[in-house]
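Please examine the sequence and the structure before reading on.

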Amino acid sequence: MAAHHRKIANQRRDFAHQRRDFAHQLSRRLVNDYDLIVFEDLQIKNMARRPRPRPDGTGGYEANGANAKAGLNRSIHDAGWGEFIAMTIYKAESAGREVIAVDPRNTSRTCSGCGHVSAGNRHGAVFRCLGCGREANADVNAAENILGAGGARQLIAA
Ligand SMILES: [Zn+2]
């Protein structure tokens, strides 16, 4: 039993190492290849905060979405997103690159072509604009919006 637990602990540690290596490599590549790096500001700390139980007045507790939120917390921590962003910012500073965080609202619902905003623009992995008919990979469309928002912030700051 102890050996079994040790094996699981080793696997977890190996996974954490691999994840950190990957985050180091990817952040290094971003900083080497790009002058401007734009992230969605997902407020990792807020999202990862544990939901507070809500008393229902009868001694029990009503559902507060704790299960769904616990799943989200786990995936955020597993992905190590905050750690990856921190590494990128650190490397960018010493290389003189710019890192900007932008508001994530509507980045996946907005057409990067014409600016039309609608939840109906999104069809899973495909983005199809109800305004102009433009079709694109949904992640690419969102990335274009995020980069555009970062570029706009850069212009305002300049
Ligand atoms: Zn459009």
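In helix α1, Arg19, Arg20, Ala23, His24, Leu26, Ser27, Arg28, Leu30 and Val31 meet Glu83, Phe84, Met87, Thr88, Lys91, Ala92 and Ala95 in helix α4; contact means heavy atoms within 4.5 Å. The residues of this contact divide into eight nonpolar, three polar and five charged. Here Ala, Val, Leu, Ile, Met, Phe, Trp, Tyr, Cys and Pro count as nonpolar, Asp, Glu, Lys and Arg as charged, and the others, Gly among them, as polar.

The model is predicted: local features need pLDDT of at least 70, side-chain atom pairs count only at pLDDT 80 or more, and totals for chains, interfaces and linings use all residues. Residues are numbered from 1 along each chain as its sequence is written, and side-chain values use heavy atoms, with hydrogens and water left out.

**Helix packing**
- Helix α1 (residues 2-33) and helix α4 (residues 81-95) pack at an angle of about 40°, with their axes 9 Å apart.
- That angle makes α1 oblique to α4, a term for angles that are not under 35 degrees (roughly parallel), over 145 (roughly antiparallel) or 65 to 115 (roughly perpendicular).

**Glycine 113**
- Glycine 113 lies in the loop between β4 (98-102) and β5 (122-123).
- This glycine is exposed, with a relative accessible area of 53%; exposed means over 50%, buried under 20% and partly exposed in between (1.4 Å probe, protein chains only).
- The C-alpha atoms of glycine 113 and glycine 133 are separated by 9.7 Å, although these residues are 20 residues apart along the chain.

**Whole chain**
- Of the 158 residues in the protein chain, 22% are buried.

Note on methods: Axes are lines fitted to C-alpha atoms, for helices over the stretch in contact, and angles run from 0 to 180 degrees between N-to-C directions. Helices (H or I, at least four residues) and strands (E, at least two) are DSSP runs, numbered from the N terminus.
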